[in-house]
Amino acid sequence: MSDRPEHPAYPVGLRLTGRRVVVLGGGTVAQRRLPALLAAGADVLLIAPSATPSVEAMAEAGELRWERRPYRPGDLEGAWYAVVATDDAEANAAASAEAEERRVWCVRSDDAEAATAWTPATGRSEGVTVAVLTGRDPRRSAAVRDAVVEGLRDGTLSAPRHRTRRAGVALVGGGPGDPDLITVRGRRLLAEADVVIADRLGPRDLLDELPPHVEVIDAAKIPYGRAMAQEAINEALMEHARAGRFVVRLKGGDPFVFGRGMEEAQALAEAGIPVTVVPGISSSISVPGAAGIPVTHRGVAHEFTVVSGHVAPDDPRSLVDWEALARLRGTLVLLMAVERIGAIARALVAHGRDPKTPVAVVQEGTTAAQRRVDATLETVAETVEAEGVRPPAVIVVGEVVGVGPAAPTAR
């Protein structure tokens with residue numbers, strides 16, 4: 001084919017559902033190519049004497065048929081597409097010639113110039129397939145593909161939809177505070193929003209990226225008069241959704257971890273409004289991790305328990321069994337507990353937890369203002385007061401506090 005004039009490849013999307021695709025070779029090239037072929041619904045026949053463990057697992061799972069032998073003439077009969085990727089140059093050349101004779105589009109991993117088809121760098125985002133070809137520079141193809149897909153996912157690449165979008169509400173967990181820690185899906189939905197109702201603890205920096213037409217509402221400032229604030233938020237969500245808008249309820253952490261997300265989902269469902277729930281990275285795990293504290297560690301803690309500290313242990317409204325918690329040997333993670341840490345620490349010690357148990361208080365974790373203060377159960381209340389610790393903060397109780405490198409000395 002080298003004597004033919006140079007022309008760019010003609011891009012096309014192959015619909016391979018139920019159509020035979022022959023893959024020659026079971027090595028790393030096949031391992032990379034097979035998932036996309038299987039996702040396209042192709043009827044894949046793999047011909048190779050051996051295969052990588054991942055490829056072998058696909059065959060054992062019944063995702064493809066595997067004939068454990070080398071290539072032989074006639075293997076491409078009935079094929080619509082072929083991937084030639086063996087380490088036998090003669091077999092590759094013979095298979096390529098057979099493909100040419102049978103008019104089967106053929107990809108060659110060892111010789112792109114001899115191939116009749118090239119595999120583009122591909123990626124997917126919300127139903128859009130991005131395929132990039134740059135001829136003989138596959139690394140550039142991959143880089144362009146990654147940039148486009150990332151832009152579609154996080155909303156930085158504007159690609160407005162031209163179909164009617166159904167109104168509704170997405171409950172999006174924004175993560176612990178660092179805007180980079182929101183999920184890809186959460187960021188994409190945020191970019192599509194008409195209205196954003198945000199919590200104080202949500203990733204505020206993301207709001208600056210929204211287009212001017214997006215209405216941003218601070219949930220803490222919704223007027224609610226004699227009604228409860230949560231009921232007013234529910235009403236605001238329903239009001240905007242009923243007006244045909246797409247609403248994102250941006251919450252800190254995860255919507256269902258002390259976030260009242262289910263209350264909002266239930267109210268919307270009862271009103272017949274479509275709800276999408278996007279999980280978020282909970283501060284109960286991410287903030288300790290950002291401060292160098294693993295909530296579990298081999299030989300130190302085989303469990304961790306997350307507890308809300310917004311109600312004191314002696315408050316009749318408390319649903320926490322503090323006596324049982326004190327008996328646990330693992331890690332205790334306290335959220336919303338800064339104001340009541342003294343009472344909580346006393347309850348844990350009274351029920352048997354060692355007063356020398358290490359404690360770390362991480363204020364505004366994952367943000368530029370993050371700071372960590374270390375203490376013990378018997379000193380944490382006075383340390384928090386002396387250091388002027390203010391919410392939001394995550395408090396970690398347990399031996400894992402001292403596991404990380406160069407852990408501070410408890411006070």
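## A mixed sheet and its helix

In this predicted model, 5 strands make up an open sheet with mixed pairing, arranged in the order E13-E14-E17-E15-E16. Strands here are DSSP runs (E, at least two residues) and helices likewise (H or I, at least four), numbered from the N terminus; two strands pair if DSSP finds at least two bridges between them. At the edges stand strand E13 (304-308) and strand E16 (371-376), each pairing on one side only. From one strand to the next, the twist averages 20°, with axes taken as lines fitted to C-alpha atoms, for helices over the stretch in contact, and angles running from 0 to 180 degrees between N-to-C directions.

Inside this sheet, strand E15 (residues 358-363) and strand E17 (residues 393-397) run antiparallel and are joined by 5 bridges. To find one of these on screen, look at Val362, whose bridge partner in E17 is Val394. Helix H8 (residues 283-290) lies across E13, strand E14 (331-335), E15 and E17, and runs at about 80° to E17. Contact in this report means heavy atoms within 4.5 Å.

## A parallel sheet

A further open sheet has 5 strands in the order E10-E9-E11-E8-E12, and its pairing is parallel. Strand E10 (215-218) and strand E12 (275-278) each have a single partner strand, so one side of each is left without a neighbour in the sheet. The twist averages 20° from one strand to the next here.

Strand E9 (residues 195-198) runs parallel to strand E11 (residues 246-251), and 4 bridges join the two. Ile197 has Arg249 as its bridge partner in E11. Helix H5 (residues 184-192) lies across strand E8 (168-173), E9, E11 and E12, at about 140° to E12. Helix H6 (residues 229-242) lies across E8, E9, E10 and E11, and runs at about 155° to E11.

## Salt bridges

Side chains of opposite charge can pair when their charged atoms come close. The count comes to 19 salt bridges, each being a side-chain nitrogen of Lys or Arg within 4 Å of a carboxyl oxygen of Asp or Glu.

Let us start with Arg108 and Asp110, whose side chains meet in a salt bridge at 2.9 Å, N to O. Arg108 is buried, with a relative accessible area of 10%, while Asp110 is partly exposed at 41%. Asp146 counts as partly exposed at 43% relative accessibility, and Arg145 counts as buried at 18%.

## A network at the parallel sheet

Asp199 forms a salt bridge with Lys251, and their closest N and O atoms are 4.0 Å apart. This pair links distant parts of the chain, with Asp199 in the loop between E9 and E10 and Lys251 in strand E11, 52 residues apart. Asp199 is partly exposed, with a relative accessible area of 23%, whereas Lys251 is buried at 1%. A network of salt bridges links Asp199, Arg249, Lys251 and Glu264; Arg249 is also the bridge partner of Ile197 in E11.

## Reading the numbers

Residues are numbered from 1 along each chain as its sequence is written, and side-chain values use heavy atoms, leaving out hydrogens and water. Because the model is predicted, local features need pLDDT of at least 70 and side-chain atom pairs count only at pLDDT 80 or more, while totals for chains, interfaces and linings use all residues.

Note on methods: Buried < 20%, exposed > 50% of the residue type's maximum accessible area, 1.4 Å probe, protein only.
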